[in-house]
Amino acid sequence: MARRSDRPTLRTIAEITGLAVTTVSRALLDAPQIALETRQRVQRVAREIGYQPDRAARHLRTGRTNVISFVLDPHDELLGFSTSMISGLTRALRDTQYHLVITPHFAEAPTLDPIEYILRNRTADGVVFSRTEPDDPRVKLLVENDFPFVSHGRTDLGIEHAFVDYDNAGFARMAVERLVAKGRRRLALILPPQRFTFHRYLRDGFLAAAAENGVEWELPAEINLDSSAADLYAWLGWRLEQPAPPDGVVCAGEVSALSIMAALSDRGLKVGEDFDLVVKQTSQLYDEVRPRVDAVYEDIAEAGELLGQLLVRRIAGEPVSALQHLQEPILRFADRSHGTRAAVGARQSA
């Protein structure tokens, strides 16, 4: 028996349980060939004595790292994006053998840098990344190397791959219909940069709904969701001084909506009376904003959990056709219809 100060090993568990070391090892890996009762007993003992596997040794022996890498692209477009995504991923991996590692990617570095590093050094068994592009080079490279991944967002590559995405077209349609119902006739949409795939989904949903409802529309070229708060504020101030300014705005990010509200307030205009907006909500911030703002919710923590679950299944060999999920928008309008899931059709294929 190991002394209390010693680090527990497979042999420690074998001595306690009376099983062979190889049986203990396979039970900890949840091998189906080992009886469920035995697996549960071994795993319980491992937890009780504080056993931690030697990941370096396991990597050498099996080629597996038991690591999932989340390539984090910091941005301000969605409040709480990073913490919510990490929370969801952690929840998905909690009862698995996988550990979550954050691999940062900074705007000034090439998009492929973190992916190439992971592939070159085999630092993970699978990878999650976000902000996909129509012709995303990360998807191409990972598919070429047959490396497991799930993207937060879709592509236009014509390559079938695992993903979790949000129905941005559905959000845009819902936002337009809400503004029209409140009497707004000149609508604007603040889009993400054109290089991202969800730019197209937002634009197409917005334009289709505007055409169906016979309202005027504009897509400002001067600003986007990555613009600074000062630039967003200045744009609306300028636009309100021009002929036929918008009387309703769709904001696909909370930060842009705050800038819009500030510009309106500083000009003596009231949300809900002189002007209306619909925001895509990803945090709890807008529950406390006054006056109340119409919002449609995107559950980022749920997206993170789905990404983790699908990636574990992908690593296990499931086909990508079974690992695709489109999240539905959730109504959170200012009339207190909080938590009502929008009836936008069945879009889950995972």
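Visitor: Which residue in β3 does Val71 stand opposite?

Guide: In this predicted model, Val71 stands opposite Phe129 of β3.

Visitor: What stands opposite Phe129 in β4?

Guide: Ser151 of β4 stands opposite Phe129. Strands β3 and β4 run parallel, with four bridges between them.

Visitor: In what order do the six strands of the sheet lie?

Guide: The order is β2-β1-β3-β4-β5-β11 in an open sheet, and the pairing is parallel. At the edges are β2, residues 99-104, and β11, residues 324-327, each of which pairs on one side only. On average, neighbouring strands of this sheet are turned by 15 degrees against each other, direction ignored.

Visitor: How should I read the two faces of a strand?

Guide: In a regular strand, side chains alternate between the two faces of the sheet. Now take β3 as the case. On one side are Gly126, Val128 and Ser130, on the other Val127 and Phe129, and all of these are buried.

Visitor: Which helices lie across β3?

Guide: Helix α5, residues 81-93, lies across β1, β2, β3 and β4. Its direction is at about 165 degrees to β1. Helix α7, residues 137-144, lies across β3 and β4 and runs at about 165 degrees to β3.

Visitor: Is Ser69 buried or exposed?

Guide: Ser69 has a relative accessible area of 1%, and the cut-off for buried is under 20%, so Ser69 is buried. This residue lies in strand β1.

Visitor: Which residues is Ser69 in contact with, leaving aside its neighbours within four places in sequence?

Guide: They are Val101, Thr103, Ile118, Ala124, Gly126, Val127 and Val128. With Thr103 there is also a polar contact of 2.6 Å, which joins the two side chains.

Visitor: At what angle do helices α2 and α3 pack?

Guide: Helix α2, residues 21-28, and helix α3, residues 36-49, pack at about 90 degrees, and their axes are 9 Å apart. Angles of 65 to 115 degrees count as roughly perpendicular, so that word describes α2 against α3.

Visitor: Which residues make the contact of α2 with α3?

Guide: From α2 come Val24, Ala27 and Leu28, and from α3 come Arg39, Val42, Gln43 and Ala46. By type, the residues of this contact are five nonpolar, one polar and one charged.

Visitor: How many helices and strands does the protein chain have?

Guide: There are twelve helices and 13 strands in the protein chain. The chain has 350 residues, of which 50% count as buried.

Visitor: What share of the contacts with a separation of 6 or more comes from residues 24 or more positions apart?

Guide: In the protein chain, such residues account for 64% of those contacts.

Notes. Residues are numbered from 1 along each chain as its sequence is written. This is a predicted model: local features need pLDDT of at least 70, side-chain atom pairs count only at pLDDT 80 or more; totals for chains, interfaces and linings use all residues. Side-chain values use heavy atoms; hydrogens and water are left out. Two strands pair if DSSP finds at least two bridges between them. Helices (H or I, at least four residues) and strands (E, at least two) are DSSP runs, numbered from the N terminus. Axes are lines fitted to C-alpha atoms, for helices over the stretch in contact, and angles run from 0 to 180 degrees between N-to-C directions. Contact means heavy atoms within 4.5 Å. Buried means under 20% relative accessible area, exposed over 50%, partly exposed in between (1.4 Å probe, protein chains only). A polar contact is a pair of N or O atoms within 3.5 Å; within protein, one must be able to donate a hydrogen and the other to accept it, and residues adjacent in sequence count only if both atoms are side-chain atoms. Angles under 35 degrees count as roughly parallel, over 145 as roughly antiparallel, 65 to 115 as roughly perpendicular and the rest as oblique. Ala, Val, Leu, Ile, Met, Phe, Trp, Tyr, Cys and Pro count as nonpolar, Asp, Glu, Lys and Arg as charged, and the others, Gly among them, as polar.
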